[in-house]
Structures are given as C-alpha cells and as structure tokens.
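Let's take a walk through this one together, going from strand pairing out to whole chains. Keep the viewer open as you read.

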Amino acid sequence: MVERINPFHDLYLTEAIGPDSFVKLFSPIFMSQGLALYQPGNVILKGLQGSGKTMLLNLLKPETHIAYYKQKVEFPVPKAYRKFISAGINLRKSGIAEFAQLILPDAEAQDIKENALYFGDFVNYWVVDDLIRSIETVIDLNDDDFASEIGISIDKTLLNKFAHKLSDSLCWLGGLEEVESIESLKAQLRDRILNYRNYINLNIDSLPDKIKRTKTVIGEPISQAADLMREVGLIQKETNVFIRIDQYEELPTLDFSETDFGLLCQQIIHKALSSRSDSVSYRIGTRQYAWPSEPVIFSTTGILELKRDYSVVNIDDKLRRSENRSTWLFPYLVEDVFTRRLQLTDYKFYKKGKSVLTDAFGSSMTAKLKAEHLVINEKSRVNILKFDPEWPSEWNDYLKKLSIVDPMSAKLGEAWARQKDIKKRNIVFNPPKEDSLPWNKVYWKKERAEQALTQIASRNKQQLIWQGKDDIVGLSGGNILIFLFICQHIWDSWLRDTRGNNEVNSEILSPIRSEVQTLGILNASEEWQKKPIEGKQSKKRFSVIQQLGERYYKLLIDDLAMSYPGRNGFSIASYDLNRNKIVKDYLKLAVDYGDLQAIAHTSKSKGEKRRKFYLAPILCPAFRISYKHTKEPEYIKSSLIETMLNNNRNSTQVNSSLKNTLNNKSELTQQQEELNFTDKPE
Amino acid sequence: MLTDNFRPWGRFDWLSQKLNIREWSVLGCLGTEERFSQAISLIKNEFVINHSLYVDVIDKGKDFLEESRKIKAHHKQKLEGILGVQPNVSLMNLLDSPVILKRVVNKFIEDSNGKVIIDISCFPKRFFFPILKILYNSDKVEELIAAYTVPDGYHEGELAENPLPWSHIPMFHSSATLPLNIEKAIIGVGFLPFGLPSLLKDDYSKAELSLLFPFPPGPPNYQRTWDFVREINKFYPLTDSHQILRIDVKDVSGCYNHLTNITSNGKVPSILAPYGPKTQSLAMALFAIKHDCDVYYTQPEQYHPNYSYGVKMCNGNPEVYLYCLKIDNTKLY
C-alpha cells in the first residue's frame with residue numbers, strides 16, 4: 001500500500017530541495033525560451049511570483065550543474081553554452097536593503113547618494129566573495145572532465161596567484177591590502193561585509209574611515225575579478241561569468257523616509273549593466289512591476305537601452321496563451337511538471353494516452369455535458385428556465401420539454417426568444433423542430449455556452465463545474481505556481497474523498513471524479529483570492545477584485561437575453577486611460593501582481609485603441625464566472641474603476657458580501673451534499 | 001523547567017509587591033488601544049515614577065489617520081490625568097529610521113534612573129524590538145522589566161493593512177558574513193501571515209519550520225490562529241506534528257526555553273518571524289539578541305485604531321503582567 005501523500009503539497013518543491021532532487025524535478029520544457037540566460041549579455045528575467053525565475057537562475061549555480069554531472073543526467077543547457085560560472089547576491093537575504101533604514105527624513109541629497117554608493121560597494125564585495133566560492137566549489141569536485149566542460153582549471157595554486165593580483169588591483173581604490181593567499185583575500189572581503197553588518201545593526205555609529213574613503217565603483221571589482229581569473233588561467237577566455245542579482249523588486253520599496261534611496265539603488269544596479277564590458281553578464285530576477293520603463297544609469301542622465309544593454313526574458317508572456325494554441329508552451333510544461341511530481345511518489349498511474357494529465361483528470365466536459373451534470377433531475381432542469389409573462393404557454397411547454405432532454409439548449413432557446421430582433425422574438429409563436437433549432441448555430445451557441453452555464457448554476461443555486469485537463473490548464477493562466485496550487489487542492493479533495501477506501505490506496509483513481517475536482521478547484525480559487533492582500537496597495541487591489549468579480553457575476557446572470565456574453569472583463573479606451581493616471585497606475589499594478597490580465601484589442605469603433613482586462617483565471621470559480629474570453633468585454637470608462645478604488649471596502653465587508661453572493665454557508669454545505677462528497681468512489 | 005537563571009514574572013499585583021526597587025522610569029507607547037494606559041496607571045499607584053516617555057507612532061497609511069489622531073488626543077489627556085503632569089511624548093513615524101529611535105531611547109536612558117519598565121502592550125514590533133535591544137544591552141540600564149496588558153478582545157476585521165515586503169526588523173540582522181545554511185525557521189503564530197509563505201519560499205525553503213502556537217488561544221482567537229497555520233501549511237507543508245509547539249502565551253521564560261531547546265541552545269542556525277502575541281515576540285526578541293539571529297517581518301503600513309478593545313479582567317483585577325529581564329545589571333535571558 002502506498003503512502004497517501006499529496007505530491008503537490010509542497011508548492012515550492014523545486015526550490016526547497018537540494019541540487020540532486022532538482023535534477024529529477026526541473027522541467028527543461030521552457031529552456032528553448034530562456035536560452036538568452038546562458039549566453040553572453042545582460043538579461044532581465046521577469047515573472048510573477050512562482051513563475052519559475054528562481055529555478056532558471058538556479059541552473060546557473062555550479063552546485064546544480066555538478067548534480068546533473070554526478071547523476072549522469074544531461075544538463076538542460078545546450079553544450080555550446082555550458083562554459084560558464086556564476087555568482088550572485090540576494091538583495092533581501094544579504095541584508096543590503098537595510099541601508100535604507102539608516103536614512104533620516106532630513107537627510108541631504110548627498111547623504112542619500114553616499115548611502116547608495118555604500119550599497120554598490122557592498123554588492124561588489126559580496127559578489128566577488130561569492131564568485132570565489134563558486135570557483136572553489138568546482139575545484140573541490142576535483143574532476144577534470146567536468147572542469148573542462150565548463151572551462152575552469154582545478155589547479156588550486158592559481159587561486160593564490162589570482163588573490164595576489166586582485167588584491168593589488170586599483171579597482172579597490174585602496175580598500176584591500178595586498179595579499180598572497182586566497183584565504184587572506186576572503187578574510188578581507190568578509191571583514192568589509194562584517195563592518196557593513198555592524199553599521200546596519202547600529203552596533204557602530206558610523207562606518208570606519210577606511211570604508212568611507214574607498215568606496216568602489218559598482219561592477220568594477222567584479223569585472224576585474226573575472227578578467228584576472230581569465231588572466232591567471234583559473235577560467236578559460238571563453239568561459240562566461242554570470243552575475244545573478246535576485247530580488248531586484250526589493251529596491252523600489254526602500255524609500256522608507258520618502259527619499260529616492262530605492263531609486264538610486266536601482267540606478268546603481270543599472271550602472272553595473274551599462275559598462276558594456278565582455279567580462280561579466282548580469283542576470284536580474286525581478287517581478288514585473290519593479291523594472292522601470294526607463295532604467296536610468298546612476299549619476300548620469302543616460303538610460304539603459306533594450307537590446308543594446310540588456311534583453312528581457314518575460315516568463316509570463318512566454319507561457320500565456322496566444323491566439324494560436326498550437327504554439328502555446330504552457331500545456332507541455334505542466335504536463336512535464338505533473339509527470340515529474342508523480343514520478344517522485346509511490347503512486348502508480350496508467351499512462352493510457354499521451355497525456356498523464358488527462359489520465360488523472362480526464363478531458364474537460366463540453367458545456368452541454370456540464371449543463372446536464374449541473375441539473376440532474378427533471379424538476380431542477382425545468383427550474384433553470386425563467387419565463388416571460390407575455391410568452392404563450394405552448395412556448396413555455398416547449399422549453400420545459402426541451403430542458404428535460406437538453407438543458408443547455410433550452411436555456412439558449414430562452415435567451416433566443418429574448419433577443420431584440422423581432423424575428424427572433426417571434427419564435428415563441430412558432431417553436432422550431434428539434435433538428436432545426438436556430439440557437440444551435442455554431443458561433444451563436446459557442447459564444448453563449450459559458451454564460452448559459454453561469455445562469456443555469458445560478459437558477460439552481462449551485463456552483464459551476466470545473467474539471468478536466470483543459471479547465472485546469474486554462475485556470476492556471478500560464479502560471480506554474482497556480483497550476484501546482486490547483487493540483488494541490490484537487491489532490492487534497494481526492495485524498496479526503498477516498499479516505500478509508502483500500503482499493504484506491506494503491507493507485508490513482510484515474511481520472512479523479514469531476515465532483516472532487518470541482519471542489520478542489522473551488523477551494524483553490526477561494527484561497528487564491530486572499531493572496532492579493534500582499535504587496536503594494538494591497539487593500540485597494542483586493543477591494544477592486546472583489547467588486548469586479550461580483551459585478552461580472554451579476555451582469556452575466558441578469559442578462560437573460562445573453563446579449564453580452566463577454567462581460568467577464570472590461571475594456572477601456574487608451575485615450576481615457578492615458579488621462580486618468582490613478583486608474584492607469586492601478587491597472588498596471590494589478591496586472592504586474594497578476595490580479596488582472598491585460599490584452600490589447602480591436603475596438604468596435606474604427607481606429608479606436610483600447611485595452612481589455614480580465615480577472616486572473618484562477619479567481620473566476622469563486623465568483624462563479626467563466627475564465628474563457630468570448631465576444632466583446634464590457635466597455636467602460638476609467639471613472640468606473642476609479643469609483644471602485646474609492647469604494648475601499650475592507651475584507652470583512654467583502655467576505656460577508658462574498659458569502660451573500662455564494663448564498664452563505666448553508667449553500668456550500670448543500671453543495672457538498674450534492675457533490676455526494678461522502679460517497680465511496682465508483 | 002530549571003534554567004541557569006530564575007526569571008521572575010507574574011501578575012502585576014503579585015510581582016510588584018516583591019520588587020525592592022520602588023522608583024522606576026517608564027517607556028511606553030501612546031496608542032489608540034484602550035489598554036495603553038493600564039500598566040502606567042498601576043505603576044503610578046504602586047511605585048514612584050522617576051521619568052517617563054511615551055512614543056506616539058504615526059502610521060504611514062492615511063486611512064485611519066484622523067480617527068487615530070482624535071483617539072490619541074483623548075489618550076494623551078488621560079495619560080496626563082494619570083501622571084499628574086504633562087506627559088513627555090515623542091512623535092515618530094512608523095517607518096522612521098531606527099537611527100532616530102536609537103537617539104530617542106538613548107536620551108531616555110540618560111534621563112532615567114537606570115531602572116526601566118518598558119510597556120510593550122501597544123508598541124509595533126518595529127519599535128519594541130530595537131528599543132528592547134538598546135535597553136537590554138545598555139550598561140546604564142541596571143534593572144529592566146517588560147510590562148504587558150492583556151486586552152479584552154481584538155478587532156474582528158483586518159488588524160493591519162498594506163504589508164511591506166519582507167525585511168529584517170531594524171537592528172535584528174545577523175552579523176554573519178557568509179550566507180548561513182539556515183536550518184530552522186521559527187514562526188510565532190498570530191492572526192495574519194502577511195507574506196510569510198513568500199519568505200519561506202524565496203529564501204529559506206530548506207529550513208525546517210517550527211510554529212510557536214499560542215496556547216490556550218481561546219475563542220475567537222482559536223479560529224484565527226489555526227487559519228494562520230493553514231495558510232502556512234498550504235505553501236509550506238508541515239510534515240510532523242512536533243513542528244507545532246504549543247506555548248503558554250504568558251510564559252515568556254518558558255517560550256524562551258523552548259526556543260533554546262529547539263535550536264540546541266542557539267547553535268542551530270535559525271531565523272525568526274514574530275507574528276504571534278507580544279509576549280511570545282518578547283521571548284523571540286530576547287533570543288535573537290542573545291544568539292544574533294535574523295528576525296524578519298512584513299511591516300504593515302497601518303494598524304486598525306481599534307486593534308484591540310478593553311482590558312481583560314481576572315477576579316476584578318486588570319490582567320497586567322510584569323517580566324523581569326535584567327536585575328542588578330544581570331541579564332536573565
């Protein structure tokens with residue numbers, strides 16, 4: 001009997017594990033899109049939380065490369081790009097951000113600048129120390145073949161030669177004493193770091209004079225160290241040196257005292273990227289919102305130029321679905337990630353088809369089938385209909401009969417009879433034959449199927465059905481963390497559902513019942529909603545999301561004619577947005593944090609430029625609205641969003657409102673009963 | 001549990017009788033919570049107040065600013081009534097540099113008689129951690145007692161809003177120059193795990209998690225503290241029930257001993273994240289001071305003015321606790 005665990009319980013497994021397990025879990029599917037990371041040139045790696053930035057950066061670490069080598073697993077970086085060594089700094093963990101705490105509100109501009117220079121000096125010392133550590137990691141492995149693959153010498157004596165030359169370099173501006181051994185060099189580097197730590201902790205009132213007099217220029221000692229490593233033969237001429245800078249998004253948040261300190265620190269990092277030297281290449285990991293549109297270089301009016309000074313790898317863009325589904329990478333990535341997770345457990349699973357995801361979750365039902373599952377008995381099927389008082393009883397009876405056979409078709413028929421077009425409305429006097437239903441036109445039906453489901457579920461006070469591979473992939477919205485989050489919740493529901501059932505203890509019930517999947521996905525959606533309370537303007541962002549979700553649910557169920565089936569998103573004219581800075585800034589923030597997804601689109605009005613916005617797909621189940629985008633979204637003015645921003649409801653109000661929307665807990669309980677949650681699986 | 005030091009603590013009415021020193025300097029927070037004045041009121045009745053300083057912390061967020069201003073104006077009058085003189089109030093912004101705080105506290109120490117009671121009840125952690133460190137490490141402070149007033153209850157809605165990203169609490173950054181292989185992440189369980197999963201994910205995913213669970217939490221706190229645990233568990237699964245340590249919320253010394261035990265007397269490299277009750281955070285602060293640990297927090301930009309209400313009573317007496325931290329210049333922790 002297998003241990004009944006949830007393979008997705010640890011969402012961040014790929015970061016929590018050591019290099020050895022990393023080899024088993026890392027999916028190389030994205031590599032083709034991120035090759036720039038392993039080639040010369042500065043790269044800004046952008047992505048939402050959990051998009052996989054750290055994983056990609058971790059591949060640069062020598063420990064990871066060594067793990068692949070030891071396990072004789074092909075390193076996912078193509079052979080042509082394997083000659084590299086890397087070093088890095090995590091801006092939060094290193095404590096460097098704490099410089100901001102020392103700035104007084106009345107500080108002169110010069111003092112603030114001075115602190116920014118200390119920030120740069122700290123980065124230099126830290127990264128050079130880390131670079132030495134990386135080289136030592138490879139040397140300690142003592143394997144000629146591996147060293148040769150990455151272009152590094154394992155001759156330890158070269159370290160001392162390098163240490164002597166580096167300590168003697170002018171780049172330190174007198175900050176280092178000349179040394180003969182690598183140990184002495186490291187001691188000096190760490191002494192400087194210790195001084196900074198003591199200063200940050202207010203253990204000393206000011207930095208030693210020597211540090212004040214010898215602040216280094218950002219990037220220079222790092223480049224110098226790389227050059228000297230090449231000069232003494234520690235690394236080969238063609239071996240790239242990559243410098244990882246993690247948590248760049250920390251910097252804009254450092255302006256505690258309403259100063260520009262955070263901005264200056266960003267500019268310091270930009271300065272390192274501006275050197276255009278071939279010695280080293282930087283890798284900056286950042287969330288979307290932090291990288292400025294015009295990255296100013298410290299102490300200059302110059303701006304880093306895209307393509308010339310740096311390139312961007314935007315994970316979110318690469319994984320989000322484009323118009324052409326066949327080129328969409330995300331389904332392949334999640335398939336691989338899912339399989340790797342299961343392979344690490346004792347679960348057996350049958351790979352019946354090509355997709356393990358389909359084996360586990362099945363295919364998503366069609367809207368027609370979902371409707372039939374939503375309303376099972378005759379009474380509830382008839383109940384989905386709402387009759388107009390002016391309709392003749394023959395038409396009402398016609399719809400009732402149809403609803404018993406095909407609830408989706410009956411609901412669409414009801415909507416058809418409510419259309420503005422008099423010809424369509426007149427159908428109530430002449431019901432069509434079953435084989436020639438006018439609402440069965442492919443696009444008319446397709447565009448309204450999701451809205452019809454929302455209305456059917458609403459009429460019966462039920463949740464929508466969410467299940468199958470397509471729903472799970474679609475709700476993930478191109479974010480691997482959300483995908484794992486959904487899987488985690490489905491698996492939890494499945495474990496509860498099958499508790500005590502010995503037959504399913506030895507293998508996955510394949511596929512998991514759709515009722516169980518629905519419950520898991522609903523839980524995931526409701527839990528994910530709580531996440532926006534973190535980050536910038538979290539209170540407002542949380543409030544607007546709630547208002548939007550509730551608005552679209554209401555619009556979709558009140559629109560009985562289904563004239564506006566695309567109203568699960570909104571569109572704002574670009575000119576309107578450009579003149580409303582508050583709303584523009586908010587929307588940018590909401591998109592950068594992943595609360596909303598933004599898409600450019602063609603307006604109904606000729607020549608007009610607009611942008612449309614949708615809730616992140618994972619948020620939709622909790623609001624009982626579809627994540628699929630169809631037809632035109634709601635056209636609104638920016639002032640509506642501004643009103644929502646000003647309507648700053650707190651989460652208590654929102655929660656109670658949400659509960660009302662969901663018809664309080666008794667309905668949820670009812671829903672669980674309807675899902676037959678306590679039943680044994682078939 | 002027997003330890004090297006006997007660390008006296010207990011209810012105010014009991015412990016205050018045992019103290020030989022009858023003249024104290026008091027450092028507190030002029031907050032919006034009703035409990036802010038309970039300890040000073042008892043201190044004034046029982047002892048001579050040699051010197052006092054109240055810090056008025058202004059939130060960065062503006063939503064409750066006006067409401068807070070009005071409450072604090074009223075509280076200042078109340079404080080004046082208790083002290084019988086115009087209170088000595090120092091105005092500071094929530095996110096002000098710790099350099100300013102250090103100056104204020106050093107001046108307080110200079111003006112004090114070296115016998116200090118710090119009332120931690122209403123101080124944000126961003127303030128009481130550094131204040132405690134300065135007082136605890138100052139040779140001029142010979143006697144140091146922490147006072148804590150238990151509120152009758154907490155606001156039902158959000159207690160704090162708009163958390164900033166993860167950062168060290170000022171002055172609580174390990175001085176290690178090499179990246180430590182952190183083996184333990186010790187979390188004080190509270191109501192709001194702002195950003196905690198992201199800290200564990202980003203930086204300390206390999207560390208073993210220990211949750212200090214306030215016990216007994218009592219309704220309605222019970223639900224909120226378990227929600228906190230659930231939230232952590234979602235992103236950072238708890239694999240062993242021993243990872244949840246039930247800690248008597250009032251027993252600072254006991255909590256400190258637990259910290260000592262699970263870290264092999266501070267030898268296991270650890271980080272701390274104090275989200276729990278103040279008394280638990282007090283133990284964590286003292287542990288971090290002694291063992292040079294990183295202490296992380298996601299500082300909210302604003303606190304609800306009715307963060308807590310009332311003062312809890314027991315047998316007709318307000319529940320105010322005193323914790324001796326230094327006696328005759330001897331550190332007890």
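Start with a term: two strands pair if DSSP finds at least two bridges between them. Helices (H or I, at least four residues) and strands (E, at least two) are themselves DSSP runs, numbered from the N terminus. Bear in mind that this is a predicted model, where local features need pLDDT of at least 70 and side-chain atom pairs count only at pLDDT 80 or more, while totals for chains, interfaces and linings use all residues. Residues are numbered from 1 along each chain as its sequence is written, and chains are lettered from A and ligands numbered from 1 in the order in which they are written.

Now find strand β3 of chain A, residues 240-246. β3(A) and strand β4 (residues 281-286) of chain A pair in the parallel sense over four bridges, and A:R244 has A:R283 in β4(A) as its bridge partner. Strand β2 (residues 84-90) of chain A also runs parallel to β3(A), joined to it by seven bridges; there, A:F84 sits opposite A:N240.

So is β3(A) buried or exposed? A residue counts as buried if 20 or more other C-beta atoms lie within 10 Å of its own, exposed if 12 or fewer, and partly exposed in between, with C-beta atoms placed from the backbone. Seven of the seven residues of β3(A) are buried, so the strand is largely enclosed by the rest of the structure. That goes for both faces: A:N240, A:F242, A:R244 and A:D246 are buried on one side, and A:V241, A:I243 and A:I245 on the other.

Next, hop to helix α4 (residues 62-70) of chain A, where A:P62, A:T64, A:H65, A:I66, A:A67 and A:Y68 are buried. The buried residues of α4(A) pack against α2 (19-25), α3 (53-58), β2, α5 (109-141) and α6 (144-150) of chain A. After α4(A) comes A:K72, with a positive phi near 55 degrees.

Zooming out, chain A holds 30 helices and nine strands, and 47% of its 682 residues count as buried. An automatic or database domain assignment sets the domain bounds, giving domain 1 (45-318), domain 2 (367-459) and domain 3 (531-649) of chain A. The C-alpha centres of domain 1 and domain 3 of chain A are 40 Å apart. Even so, four residues of domain 1 of chain A are in contact with four residues of domain 3 of chain A, where contact requires C-beta atoms, placed from the backbone, to lie within 7 Å.

Over in chain B, look for an open sheet of six strands with mixed pairing, in the order β9-β14-β13-β10-β11-β12. Its edge strands, β9 (167-168) and β12 (244-248) of chain B, each pair on one side only. Inside the sheet, strand β10 (residues 184-188) of chain B and strand β13 (residues 270-274) of chain B are parallel, with five bridges, and B:K184 stands opposite B:S270 in β13(B).

Finally, chain B as a whole has nine helices and 20 strands. Its radius of gyration (taken over C-alpha atoms) is 19 Å, close to the 20 Å that the globule rule (2.2 Å times the number of residues to the power 0.38) gives for 333 residues, so chain B is as compact as a globular protein of that length. Of those 333 residues, 52% count as buried.

Technical notes:
Two residues are in contact if their C-beta atoms, placed from the backbone, lie within 7 Å.
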